[in-house]
Amino acid sequence: MPRQVYEYESPDRFVAGTTGQPGSRTFFLQVRAGNRLTTVQLEKQQVSVLAERVDELLDEVLRRSQGSATVPALAPSRTEDTAPLDTPIEEEFRVGTMSLAWDGELERVVIECFEAGENPAEDEDELPDNDEDAEGAVLRVSLAGAAARAFAKRALAVVGAGRPPCPFCTFPLDPEGHICPRANGYRR
């Protein structure tokens, strides 16, 4: 069976979001174009790294193009998206590996999320999506620079909105406190 590909070219919305309480949140990427909605689950660390790498990629594009690329230095305020995830939240798959690229011809960021347990080909040309040997699912999203900056800004805010850090050791505080290494193992 050929690989299931969820492909979005300039979607209406591409965001990171969560369900659950801080300390036990589940992280998702969600993309919507018209009535089509795709949601994939991933780890907090994956969201954080993806957002940081998107910003780094866009900064590098700006640096190499000496400011001539259609990439804003910061997320434009008109692109800010603070709305919750669209419902129903039904994950298509759990993300294992991700890839990030810049399409210089179209001036777009391309993000690919591969289903956990599946190994993406080292060279996509060797194993196209319709190849009989291609397995698992992939989410492929192509974003303009402004939309990519807005995604990164929101994703970093979502990751940072978890439990507050302990003022002594900086580890996350639970509602009941935590066993702080700076307090010789006593609960703070």
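1. Fold order. Starting at the N terminus, the elements of the protein chain follow the order β-β-β-β-α-β-β-β-α. That makes two helices and seven strands; helices (H or I, at least four residues) and strands (E, at least two) are DSSP runs, numbered from the N terminus.

2. Basis of the model. This is a predicted model, in which local features need pLDDT of at least 70 and side-chain atom pairs count only at pLDDT 80 or more, while totals for chains, interfaces and linings use all residues. Residues are numbered from 1 along each chain as its sequence is written, and side-chain values use heavy atoms, with hydrogens and water left out.

3. Confidence. The pLDDT, the predictor's confidence in each residue on a scale from 0 to 100, averages 85 over the protein chain, and 89% of the residues score at least 70. Residues 120-127 have a pLDDT below 50, although the model gives this stretch eleven contacts beyond near neighbours in sequence. A contact means heavy atoms within 4.5 Å. Where pLDDT is low, the predicted coordinates should not be read in detail.

4. Chain totals. Of the 188 residues in the protein chain, 38% are buried. Buried means under 20% relative accessible area, exposed over 50%, and partly exposed in between (1.4 Å probe, protein chains only). The accessible surface of the protein chain is about 10800 Å², with 48% of it belonging to carbon and sulfur atoms; the areas come from the Shrake-Rupley method with a 1.4 Å probe, and for residues only the protein chains shown count as cover. Among contacts between residues at least 6 apart in sequence, 59% join residues at least 24 apart.

5. Helix H2. H2 covers residues 145-160, and its 16 residues should span 22 Å at 1.5 Å a residue; the end C-alpha atoms are 23 Å apart, which agrees. The expected span is 1.5 Å times one less than the number of residues.

6. Salt bridges around Asp86. The whole structure holds 14 salt bridges, each defined as a side-chain nitrogen of Lys or Arg within 4 Å of a carboxyl oxygen of Asp or Glu. In one of them Arg13 pairs with Asp86, with 3.2 Å between the closest N and O atoms. Arg13 sits in strand E2 and Asp86 in the loop between H1 and strand E5 (91-103), so this pair links distant parts of the chain, 73 residues apart. Both Arg13 and Asp86 are buried. Asp86 also meets the side chain of Arg32 in a salt bridge (2.7 Å, N to O). Because Arg32 lies in strand E3, this second pair ties together parts that are 54 residues apart in sequence. Arg32 is partly exposed, at 26% relative accessible area.

7. Glu56 and Arg53 form a salt bridge whose closest N and O atoms are 3.6 Å apart. The two residues are three apart in helix H1, which means that about one helical turn separates them. An α-helix has 3.6 residues a turn, so residues three or four places apart point the same way. Glu56 is partly exposed at 45% relative accessibility, and Arg53 is partly exposed at 40%. Elsewhere, salt bridges with shared partners join Arg13, Arg32, Asp81, Asp86 and Arg154 into one network.

8. Cysteines. With a disulfide taken as a pair of cysteine sulfur atoms within 2.5 Å, the count is zero. The closest cysteine sulfur to that of Cys169 is in Cys180, at 3.8 Å, which is too far for a bond. Cys169 is buried, with a relative accessible area of 11%, and Cys113 is buried at 1%.

9. Two local sites. Gln46 lies in helix H1 and is buried at 14% relative accessibility. Leaving aside residues up to four places away in sequence, Gln46 touches Val95, Gly96 and Met98. Pro164 is in the segment after H2. With the same exclusion of residues up to four places away, Pro164 touches Phe171, Pro172 and Leu173. The C-alpha atoms of Pro164 and Asp174 are 8.3 Å apart, the two residues being ten apart along the chain.
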